[in-house]
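I opened the notebook to record what I looked up in this structure, beginning with the surface and ending with the backbone.

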Amino acid sequence: MYYPALGVPRIGGSSLIAVVAIVHVFIAHFAVGAGILNAVAETRARKTGDTLLLRFVRDASKILVLIPFVIGAVTGVGIWFTIAVVAPRATSTLIHNFVWAWATEWVFFFVEIAAGYVYYYGWDKLSPKRHVIVGWIYAAAAWLSLVVINGIITFMLTPGRWQALRAEGRWDAAFWQAILNPTYWPSLVLRTISALAIAGIAACVLVHFLKSYSRDDRIHLIRFASWFMLPLVLMPAVAVWYFFQVPRYPRDLPFGGSVAMSMFFVFGGICSALIFLYALGVIRRHDHVSLGSAFVLLAMAFVATGSMEYVREGIRKPYVIRGLLWSNGIADQPAEVARLNAEGILPNSPWIAPPDRLASADRRIRGEWVFKAECIQCHTVDGVNGIRPLIYGWNREMLDLNIRNLHLLKGFMPPFIGTADERDALAEYLHSLNPANRVDQPVPVADATPRSEARP
Amino acid sequence: MNALLVLAESAHALVPPRDEFGVPGPLWVFQILLPFTFALHAVFMNFVLGGVLVLPVLWAVARRRDRQELVDVAMAGMSYLPIAVSFTITSGVAALLFVQVVYGHFFYSANILLGWQWLSLLAYLAIGFYLVYYARHLMLAGRAALALITLVLVAASFLMVAHIFNNNAVLSLRPDLWRAMHDGGTKHARDAMWTPRYLHSIVGSVAVTGLWLAVLGRCVHTLHEAARRAAVVTGLWTALTATVFQVVTGFWFFVALERPAQQAMLSFSIRDPRTLLWGFAVIVAFVQIAVLWQAVQRPERPRSVWLPAGLVGFVLIGMSAGREALRAHTLALIPNALYQPTDVRLQTTPMLLFLLALIVGLAVVAMLLCWLFVRPEAAPPNASSVP
């Protein structure tokens, strides 16, 4: 509304964020888990004299440097760039409330990078004791950055009493309430379990790419790595804990309330369960995991991570920050809603509706501007979540009814905000999107032209 | 009418309002943190940008003239580039955070107006990052032609990153250009400060890289003696030459500013210590030329490296402070655009926690670097500077 809008053709802005975020989350979880895996492995190898394990940790530490530090860092900055471009107001809100949390996380990240490099370059330069300490510093710093960032991510779904405390002017208390919100602890446990499992699977893949390891060596190392997948057994219990902290409406979505949410939730659950069972089998039977199987496990871990992130983002709708900011960047605050309903959304969107053209623009153009101001954050016209197919066959009356009662008919949609004239203009614009199928009078279903034949 | 007055009169309608949640700490804290973290970022960023410009040339020329010690210097410098890129990105995150707190409404608008160009920065960054590793691999394998081509691509990638950041910096300061930009123009490129600003950052990076090379010559004991000496001499000469040009581009940058901005920068007011710090940095930049001239005469003296390295650190802080002063004074002309003390919503304990984490974190990093470089405990069997 207050910012210019970047059109992301076909896939839409939210999909762009999702792609960057899922890749980053997966890499970041790997970095956290790999840090712990490396530290545990080196400690154990040095205590027990397991030279094979020590050699593996040394060989694997290059991956620790190359993957998280390059892809992780670039996609991490990438999230900042994309959210600021696609959802600037939400980004601004988060920054102005959590900059100290992010700054603290940045310190941990800085230590993590420094420790990672010292760990990698220090194999021949540090004493074994110091090298183990550096490994644990890396692991602690990586996990602590998760500890902080988890607070901000979970806040967006379950802000707790944050708004009430802010209204009382208790900024400190509001901050801590926001960070340590109802889903903070279960989410932290879930993410830690995921991180360990991803690191374990990555080790199973990696062991095939390192030269001079025999099949028996690989079995030994894979068995060690599989132990890091076993905490997945705790996931169902922790997930129950998590969902009990989520308010009723969003909680129902992945349990049948929304087909897409339920499907992704089931995908994630099945993938996690299969990974756990595979790991259990490997440990009990001293099995070898082929490169192909290891890649399948890694792909399943990616699907599980992506699915659960999709569910987490999806059940937050229609909000970016629950109870405060809708997905379209309008605040769910009585004062702002009343002002925009009185003044209109377009006079407050100077980038979309140039003030000098506002009065002279025809109704359809104004409707398109309203669409850009209120809908384009989640919808495209023809691409991902495209509005044209979504309203195919709707007559003007249906459009009016839906726009008026958007939030009542669809729980994941925010209410329409704006004047009656703007609502009418939006309906006009949407109605114009499917000209070949304009049906202004209700038609019995049996008499309607089949879709495939009617499309232009 | 000068551009700043146009800005003040016409642009404020498009400038988003200040964030309703205010600023979670005293404004002066952010005014300190922003230039300091940017200066930290600049230390690494200049080595990356200058490194990809200087080191390939040094390597190619040294190979052609059969100067093995300079080839070794270039290789040693290249081996540190990937680490420097990591730290450039990491340290840049802090400056990115604080700029969003104080100037987010300008910064986001500029980001969105640049749109895909802004997002493409990530691709250039990733390409440059991986190609640095690949180029070094090719250099070690003796595949000179392919290594040079790769290094040209790396340099082009990082120059594009600098170009895009320059576009963003200029646009953030010139809301009066936003509408034209939004309607499809590239007017920001025609702003008088665009070219000198870009050149100032590039030439400065070469100067800083020269000093990095000199420091590497002093610190990296795994390099042989001739290479270490060559690193110091080459580094100091590079720094000296680039600093002279840097003064010229800096003067051009200053002249390109609008008169009110120049006056604000020259106020040297105790009420805005950033202008004072910047003024000192300008003086030190001139002193630096004399110091470097002396250093290249007798490069073997310890202070020939450490004094100019220390001075360039101060200059980076002063220039970062000047950068923020320029931004603050320019944007202050737009009514109600900047945060005021009444906007502060102080979060005391989170702020103190960050400061504590910062102190502990810096101490841990210092300890780690000390373990690796200053007091290594284990005798390296096959040590090299960087694997």
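I began with the surface of chain B, whose accessible area I found to be about 16,400 Å², with 69% of it belonging to carbon and sulfur atoms; such areas come from the Shrake-Rupley method with a 1.4 Å probe, and for residues only the protein chains shown count as cover. I noted that this is a predicted model, in which local features need pLDDT of at least 70 and side-chain atom pairs count only at pLDDT 80 or more, while totals for chains, interfaces and linings use all residues. Residues are numbered from 1 along each chain as its sequence is written, chains are lettered from A and ligands numbered from 1 in the order in which they are written, and side-chain values use heavy atoms, with hydrogens and water left out.

I then looked up the fold, and for chain B I listed twelve helices and zero strands, where helices (H or I, at least four residues) and strands (E, at least two) are DSSP runs numbered from the N terminus. Of the 387 residues of chain B, 58% count as buried, a word that means under 20% relative accessible area, with exposed meaning over 50% and partly exposed in between (1.4 Å probe, protein chains only).

Next I turned to the interface, where 80 residues of chain B and 68 residues of chain A take part in the contact, contact meaning heavy atoms within 4.5 Å. The area buried between chain B and chain A is about 7,100 Å², and carbon and sulfur atoms give 75% of it; buried area is the accessible area (1.4 Å probe) that two parts lose on being put together, summed over both. I wrote down B:Phe21, B:Ile112 and B:Trp371, which supply 11% of the area that chain B buries against chain A, more than any other three residues.

I checked B:Ala144 in helix α5 (residues 144-173) of chain B and found it buried, with a relative accessible area of 19%. Leaving aside neighbours within four places in sequence, B:Ala144 is in contact with B:Trp59 and B:Arg63.

Last I went through the backbone, bearing in mind that most residues other than glycine have a negative phi, and most peptide bonds are trans. I found a positive phi near 45° at B:Phe268, which lies in the loop between α9 (259-265) and α10 (273-297) of chain B and is partly exposed at 37% relative accessible area. B:Asn336 also has a positive phi, of about 60°, and counts as exposed at 64% relative accessibility.
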